[in-house]
Amino acid sequence: MDPRRAQLLSRAGEFSEVTLRAVQQEFPNDIRRTMRHPGDFPHRPREVHPAFYGCLDWHSCVEMHWVLVRLLRTVPDAVPTGAIRTVLDEHLTAPALAVEAETFRAAPGRARPYGWGWALALHHEIATWADPDAERWSANLAPLSAAVAEAFLQWLPKQTYPVRGGLHNNSAFGLSRALPYAQARDDALLTAIREAATRWYSADADYPGSWEPSGADFLSPALTEALLQASLLSPPAFDTWFTRFLPAIADAHPAALFTPATVSDDSDGQIAHLRGLNLSRAYCWLQLAGHLPAGDPRAEVMRSAARRHAEPELAHVSGGDYMVEHWLACYAVLYLTARAE
């Protein structure tokens, strides 16, 4: 058995339990809203986010719903399927998601592009699953996804430059999360993503990966960009681009990209992001290795880096501080189910 499959089976119950708790925990809540007049603020998060009120913030709650669906699809015998379906039935209703779409349209920029990408990833995960409940949830998600796709189409042509940081506003990761939805359901969005990626990244070379990470990163700017390009370019074109972008991968350089980040304080939400960096790097390294030509000597170097980054972090998904628990399962499951992408 694939070691990652074995790890997923052994930890799926733990991951589902921490995720079920988080998506139903309304407080604490870091809700963001521009007040336009006195009293223009909800009494509680459920008023504006009846589906995605948990997990401290909206984008985390969206991605953790993706975790529940991915686990239910990939390892149903290892998770509490009844409990997961009950929560998804309670949250992914047509009325709740209509309110979510209305809230999103009122202030779409709050989660750009990270939450946008995860919202479309959630819909894609559900829409590609042959399951009677999934058919209903997919139909209910349609208004929110339409609002998100519209926001992407309005934003991408105007965004002259990409955001290359390692936080939520990272351009490449948000587009990567939205891409499968666009490929399956929205030709206009797919064209906009292709055009933006070409404009932003096609000429990049000798990326300064030694500058990573910043102190609050949970994404690698270098690797998220490379993964988006791998998903969009033909294999020969990607090989040429990647060799120019990170030319010393076979020698495990730049060393910073191959060295797991140190996390000194899980109770500090910004420092704790680095646990996600380790897992998201692992996911990127694993996926990128799969895009290389057969027998490429870089591939095993990259897979080794993936294992080195991921394996110590899996034990931190639950049982620790809520600043980690409310979101880290997402990146553990993303890594452990990478081949299903």
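Please keep in mind that the model is a predicted one. Its largest pocket has a volume of about 1000 Å³, and the structure holds 21 salt bridges.

**The largest pocket**

- A total of 42 residues line the largest pocket, and those nearest its centre are Asp30, Arg32, Trp58, Arg110 and Ala111.
- Helices α2 (58–74), α4 (94–106) and α12 (269–290) each bring at least two residues to this lining.
- The most comes from α4, which supplies six residues.

- Side chains of opposite charge can pair when their charged atoms come close.
- Glu26 is buried, at 5% relative accessible area, while Arg46 is partly exposed, at 39%.
- Glu313 meets Arg275 in a salt bridge, with 2.9 Å between the closest N and O atoms. Because Glu313 lies in the loop between α13 (298–310) and α14 (322–325) and Arg275 in helix α12, the pair links parts 38 residues apart in sequence. Both residues are buried.

**A salt-bridge network**

- Shared partners join Arg85, Asp89, Asp131, Asp133 and Arg136 into one network of salt bridges.
- Within the pair Arg136 and Asp89, the closest N and O atoms are 2.3 Å apart. Arg136 belongs to helix α6 (residues 132–155) and Asp89 to helix α3 (residues 81–91), so this bridge ties together parts 47 residues apart in sequence.
- Arg136 is partly exposed, at 36% relative accessible area, and Asp89 is partly exposed too, at 32%.

Definitions and conventions:
Residues numbered from 1 in each chain as written. Predicted model: local features only at pLDDT ≥ 70, side-chain atom pairs only at ≥ 80, totals over all residues. Heavy atoms only, no water. 1 Å grid on protein atoms, 1.4 Å probe; cavity = no way out; pocket = protein on both sides within 12 Å on 5 of 7 lines; lining within 4 Å. Points joined across faces, edges and corners; volume = space filled by probe spheres on them. Helix = DSSP H or I, 4+ residues; strand = E, 2+ residues; numbered from the N terminus. Salt bridge = Lys/Arg side-chain N within 4 Å of Asp/Glu carboxyl O. Buried < 20%, exposed > 50% of the residue type's maximum accessible area, 1.4 Å probe, protein only.
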